[in-house]
Amino acid sequence: MSMELDVFVGNTTIMDMEVYQLWLDGLTVSDAVKVRMDEGALLECEANPEVLTSDTMDQFRTFQMCERLLHSPTKLGSQLLYQIPAQNQIILIERYYEFDSVFAREVLGKKLSKGTKKDLDDTSCKTGITLKSCRRQFDNFKRVFKVVEELKGPLVENIQRHFLLSDTLARDYAAIVFFANSRFETGKRKLQYLSFQDFAFCAGQLISYWTIGAMGAPTVPDSMMEDMDVDLEKEFLNELKDLKVLVNDKDMMDQHKILVCAALRGKIKVYKLMEVNFKNLSRALINLASKLTHTKDVRDLFIDLVEKFIEPCRYDRWTVAEITLFLTHYTNAAHCLGTFRHQMIWDRYMGVIKSCILQMYHE
Amino acid sequence: MPGKLKAKIVAGRHLPVMDRASDLTDAFVEVKFGNTTFKTDVFPKSLNPQWNSEWFKFEVDDEDLQDEPLQITVLDHDTYSANDAIGKVYIDIDPLLSCEAATVISGWLPIYDTIHGIRGEINVLVKVDLFNDLNRFRQSSCGVKFFCTTSIPRCYRVALVHGFVEELVVNEDPEYQWIDRIRTPRASNEARQRLISLMSGELQRKIGLKVLEMGGNAVVGYLQCFDLEGESGLVVRAIGTACTLDKLSPGTAPNTTTHTNTHTLPNTAPTSNACNSPSKDSKEPVFSEDPPHSLSGPPTPLRTLPSSSPPPFSPSKPCSRQSSSSDTDLSLTPRIGMGSGGSVGKEAGPLKTLLRQHTQSALEQREFPIFTLTCFPPGFLVHVGGVVSTRSVKLLDRIHNPDEPETRDAWWEEIRQEIKSHAKALGCHAVVGYSESTSICEEVCILSASGTAAMLNPRFMREGCLDTGGSDHRLSRQPHPGMVGSERGEGEVSSTWLGFEDASPPSCGFVHIPYDEFNMPFPAQLTYCYHCRRQKVPDVLFTTIDLPAEAEVTGKGCLIQARLCRTKKKAQGEVNATSISNLLPFMEYELHTQLMNKLKLRSMNALFGLRIQISVGENMLLGLASATGVYLSALPAPGGIQIAGKTPSDLSYDQHISTMQKRIDDTIAKNKELYNIHPPECIEEVVGSPIPDRQRSSRLFRSTSESSDELSELDLSHGKKDAFVLEIDDTDAVEDIQSLLTDAPIPAGFYSCNTEVMPGIHNWTSGLQMFTSVRVYRLSNANLTNQGLNKIFTDLCENLLKSLYFKLRSMIPCCLCHLNFTVAVPEEELIQVAVTAVAMSFDKETQQAADKALTRGSGENEEQLQFSMEMCGESTISNNQPTAKPSGVPESAMVHSSRVSSSERCSPLPEGRSRSLRSTRSLPCGAPVTVVKMTPLSFLPGTRIVKYLGIINMFFIRETTSLREEGGVSGFLHSFIAEVFAMVRAHVAALGGNALVSYSMKECVFMENPNKNQAQCLINVSGDAVIFIRESDQEAIPPLLTSRQTSSTGADGTT
C-alpha cells in the first residue's frame, strides 16, 4: 500500500516557520524530517514519523509553490492565490531574502554571473551550506542587483520598495549590490580575515558619503539621478587629487606632523613609532586618495588600506583606541594648516577612511 | 425584456507573458452574455493593462439572466496568427437579481484557464438594472433567495416553511460527445464548465419557480449535486426547503430584549404520546431482494424498512392522527394574516404552463414533508424518531431525451417515497436533515437518501396561502405540508397547549418517542425520560440533524466513525448490480454495529449528524459512517460492553477474553474522563415498558444474521445457543474488538465533531481555519481479504485525522467542526478520501454559566432570537416562568440581551489590515486583498452576519499534460484546490462580502494517467457569501442600542 497523493490546503495558508527555515536551508524532505524528529516534533500531538513526513512534504510543496511569488515580493501582497496573513508575508519575505554572511562574504565583489553560479558547489563545500541554499542566496543577490541596477533614486529605499525588506536587510543588500557593481577586491588572502559585516559597514560608509546621492541631495535638485548610489562620485574622486599637497608640500607635511605629535604626545603608547612612521602612514592615505580616479585602484581600495595602513599599524601593535586617536587628530590637524584649502574634500575623504579602518582593524 | 446587464472592464494585472520576444502581452477582453459579444481595445505591451472600457450593455430576458453566466475572456492580440486565449472568468449574475443580496460585482477576479490554472487577475464591474417591479419577475424566478445553509439564515426569520423542492436537469456530457475527439482538451473542458454553469442556472430558476408557486420566497438548505454518468450523460439535481423568510431589520432587534421570555413557549412539545401514531406496519424486517432495497435495522433507531412491502397509507389518515396536537398549536399562532400576507401578489395563473404534469403524485407528496434543514427554530422539532435511509442500485442507460429526464426523476421519486414510508413506520410525519447522494462506477449507480424521522410543530408549516386554494396545490409537484386539512378542520381551538408546558419540558421533548410504545416499529428499550420523567425515551438515539439548541448534553461530544471495506467480484450489468445490492444490507448492518460499539465505548447515548456513505468501485465497496456522539442527559446512561466467548472451555481463551474485557472497561473509564461525562447517578425506575430497561450492558456482538435479534442480549446471557451466536467467528470478533480499541485517542487539546458545533464547547475565539485534505492510497496487493482492507481503510482515516491534528496543533485548544469525509474508489485499487472541515479555537479557561450563555449565542441562538421576534409580533401570548426549567431557558434569555447589545460596535472592516508596522510597506499596490473567511458552518464565532449576498456555486475543471513538471499528482491537486479557494474568495469579495459560510466541496473527482504525464480534476464548491461584523466582547448599554443600530446598518449598506 502506498500513498499516491496527499495534500492539505487551508483557506489561510498554514506555514510552519521552523519547517520554512529547513526548506530555506536546502534540506531534503527526509533530512528535514530527521531534524524535526531530533527537535522533538514527535512529542507534539502524538505524531508519528508518517505524520511528520506527510506534514513536511506538504509544507515543502507549499513553500515551493510560493517561491515564484517571493521572487517579486510586491506581488505577494496583491496576489489572490494564497491567503497569507500580512505578518506572515513579511516573515516569509524577510526569511527568504536573509542570507548566510559566510556565503555572502564568498561572493562579495564577484560578478553575479552564470560563471560564478557554476562555482557555487565549491562555495557550498567550503561554507558547509547546501548547494540549494547557496543557489537561492545567489539568485536573490542577482535578482536584487538586476532590479535596482536600472532604477534611479536611493539604493536602500529602492531595495526596500521592491523587495519589502527590513531596513537592516535592505542595507546589507545595498552593500552586496554596491560591491558587485564596483567589483571591489575582497578575495585576496590578506583580506580573508574580514567578515561580511566589515565590508557591509564600509559599503554603507561609501554609499553614504562618497556617492552622488550622498552629498548630492541638496546640490542637485533632481535627486533621482541615475546610479546615484551605486557609483562613486566622479567629481569627488577627481578632487581627491588635490589632497596630494599634504605629502608633496614638505612644509605642510612637517607642519601636519608637528600638530599631530603635539596632540598625541603622552596619550598613546606607540607614540615613538608613530612619530617615526608618520610620513609613511600619511603618504599611504594620501596616495590612496589620489589614485581613486582609476577604476582599478578603486577596486583595490580595501587591499590597499590593509597593506599600506592596517598591516604596518598591526605590526607596531597599535591598539584600536590609539588608531582612533591618531586618525582623529590626523584629520583635525589638517584644518589648522593655514595653507590647506581642501577642507571639505578632506573631511569627506577622511571620515569614510577613518571609519573603514576602524571597522577593519581587528584580527 | 426585463433586464439590462452592464459590465465594465477596468484593468488587468499579473498577466502571463504571451509574447516571448518582448516578454509582454497585448491583451484585450471579450465580454459575452448569451449570444452577444463585446470587445475592449487592445492594450499593447503590458502585463498590467488598463482598459477602462465603456459600459457594455446587454439587454436580456430575466430567464437568461438566471441561466446564463457572464463570460469574460482575456486574449492576447496577435497580428499574424489567431489570438491566444489567456483565460476566462465566469460570473454568476444571480446574486444581483435579488434586491436583498448584492447590488454590484466589483473587484479583482482570477483569470482561469483549465490547462494553466490562474493566469493573472482582471478587475471588472457588473451591474444589473431591472426595469420592472419584482412582481412581474415571478414569471421567471428572479428574487427567490437561495441559501446553502441548512438552518434558518441568521438575520432572517422564518414565517413559514413550505416544504421540499427538488428538480433535476440532464444533458449529454460534452466530454463524451463525438466532437470531443477532434477538439482540444481546453475546448472540451470549457464546454463542460459552461454547460454545467448553464444547467445550474436553469436548475436554480426551475426550483425558484416551484418556490414561488408554493408561496415562498427562499430556498434554505439548497443542495445541488452533479452525477457524472459518463456515457449516459450528465445530471444536475438539487433539493432544498422552500420557506418564506422575513428579513430582520436591525432596528427591530432591540425589541427582543423586552420579550426575552416569550420564546420559551414553543420549545415545548405539544402533546403526550397518546396522540402519537400507532403505526400498524411494524413488520419483521426482511431483506428485500429488489434493487431498491432497504435493509432492516440493526438494533435501535437507525432503521429502514423493507421496501418490498411499503406500508399502504392513505394520504389523509396521518393528518387526522396528528390533528389533536396541531390544532392546539394553531390557536397559539395567530399568524394566518401574516402568513398569507407574506406572499403578496402571488399569481398562480402563468405558472401552469411551466409546470410538469405530476398531478397524480401531488397528493402523496404533500402528505409527508421532507426538509433539508438540520437546525431548526426552537419548537419546530417536536419528537425525533430515528434515522431513516434508503439505498437503491440502478443501472445507468443513456438518457435519450434530455428534456424528459423521467427515469432519473422516477428513481428519486421512488426513493423519497420509501423514505417517507420509513418515517411513517416510526410514527413520524416528517423527515428532517434530509440529503441525497449517489455513487457511480461505470454503469452502476447507488442512489442513497437519508434523513431523520421527526414530528414537527405544524405551526411553521401551515400553508401560507390557504386562500389561494387547492387548484394551485394540485398543480404543484410538492405543494407540501400535510397538515392543511386538519388545521383547517379544527380551526380555533383551546389554548390548552400551555397546559402541556410542564408535560414535556423544552430541553427533552425532542427525544421522546414519537411512536407508540406498545406497538413499536422495532424493539427498543424504553425508559422514562431522565429529564422530565414523564415521557418515554429510547436508550439510544441516532439522527442526521444537528444537536438542537435546547438539548441538554452532559460533557462533550466527539466524532465517531465506522469504516468498512468489502471486496466484490468484478462483474457487468445486471449481475454486478445484484451483487452490490446484496452486499449493501450487510455493510449497513456492520457499520451500524461499529457505530453502536464505539458509541458505548465512549459512554454516549446519541448520535447527531449521522452520514453514511457507501462508495462503489469495480472490485470493492467502501462504507464510511460519521457522526457526532454525545451524552444526552435525557436518555439513560449507556451500558458497558461485555464480551462473550464462544465456549468457555479453554482457560487461556477465557483469560484472553477477560483481559480484553478489562481493556474495554479501562477505555470506557478513560473516555468518560476525556469527554467529561459524569452523569448524575440516577435511581433507576422500572417503567412500564414492555422491555425491561435494566439491561445495563450491551454485548459486543457480531452477526450476519438478521438484526431482529437485537433483544437477544437477554437470551445471550442465559445460554449461548441463540441463533446468532452460532455465527460468531472468534477471530472476527477479536478483530472487531481490536479495531474498536485501535481508534487512536485524540491528542490533548483537540476535539472533533461533524456537526455545526461541538456540544459542550461554547467560548469560541475568532481563530478559524477551514481546510480540505485529500489522500489517495494505492492498494498494492490485489488479493486482500476483507479484514486486510478494513485495516487499511481504518488506518487511512486514522492517519489522516492524526495528520490534521498535527497540522493544526498551533490552534490548540481547538475543535475540528463539521468534519466531512468523502470516500471514493476512483480506480481499481485506489481509495480516495477527502476531508473538509473547519478548525476553531476556543478559550480554555473554565466557563461560567453566564459566559456560556453569552458565547453560545453566537453559535446557536440566532434562531431563538428570530423566534422571539416572531413572538413579539404576536402579543397574544402570555408567558410563564423561565424558572421551572433552568436548562436552556434563562440561558437564551440572557443571550438575547447580550447579543443584541454587543453586536453593534464593530467595524465591518475585514481583519488583517494594518496588522504590523510594515504593512504599509508590504502592500504597495493600493488596497490590500480583502481577507475572506470560509467555513462549512453556518456562522462565524464572535461575529454577526448582517447580510447574505447570494449563493456561490462554482464548478471548475483543471487538466494538465505536464504532471511531473507541476509537482506530480500532489502538486497538481494542491495548486488546483488553492486556485479554487482563491476564485471563491475573489468572487465573495467582488460581491462585497468578507466570508463564505456553509461552504462545501461537493465534488472532487480526480483522474490521473501518470504514464501519459496527464491528470484531470473536477471540483464543485458552494456556499453562501455573507458580510459579517465582529462582535465586541463588551456589553453595550441598552439605551444606546437603537441609534447605534441604525447607524451601523447605514454603514453596512456601504460595505
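In what follows, contact means that heavy atoms lie within 4.5 Å. The model is predicted.

**The sheet and its helices**

In chain B, 4 strands make up an open sheet of mixed pairing, in the order 9-11-12-10. Strand 9 (145-146) and strand 10 (156-171) of chain B are the edge strands; each has a single partner strand, so one side of each lacks a neighbour in the sheet. The pairing between strand 10 and strand 12 (residues 234-247) of chain B is antiparallel and extends over 14 bridges. One of the residues involved is Val169(B), whose bridge partner in strand 12 of chain B is Val236(B).

Two helices of chain B are set against these strands, as the table shows.

| Helix of chain B | Strands of chain B concerned | Angle to strand 10 of chain B |
|---|---|---|
| Helix 3 (residues 185-214) | lies across strands 9, 10, 11 (218-228) and 12 | about 135° |
| Helix 9 (residues 406-425) | touches strands 10 and 12 | about 140° |

**The largest cavity**

Which residues are the closest to the centre of the largest cavity? The space in this cavity is about 470 Å³. Of its 31 lining residues, Tyr90(B), Asp92(B), Ser197(B), Asn953(B) and Met954(B) are the closest to the centre. Elements that each supply at least two lining residues include helix 3, strand 6 (84-92) and strand 29 (943-960) of chain B. By type, the lining consists of 18 nonpolar, 8 polar and 5 charged residues.

Technical notes. Residues are numbered from 1 along each chain as its sequence is written. Chains are lettered from A and ligands numbered from 1 in the order in which they are written. This is a predicted model: local features need pLDDT of at least 70, side-chain atom pairs count only at pLDDT 80 or more; totals for chains, interfaces and linings use all residues. Side-chain values use heavy atoms; hydrogens and water are left out. Two strands pair if DSSP finds at least two bridges between them. Axes are lines fitted to C-alpha atoms, for helices over the stretch in contact, and angles run from 0 to 180 degrees between N-to-C directions. On a 1 Å grid over the protein atoms alone, a cavity is a set of points where a 1.4 Å probe fits but cannot get out, and a pocket is an open set with protein on both sides within 12 Å along at least five of seven lines; lining residues have an atom within 4 Å of a point. Grid points are joined across faces, edges and corners, and a volume is the space filled by probe spheres set on the points. Ala, Val, Leu, Ile, Met, Phe, Trp, Tyr, Cys and Pro count as nonpolar, Asp, Glu, Lys and Arg as charged, and the others, Gly among them, as polar.
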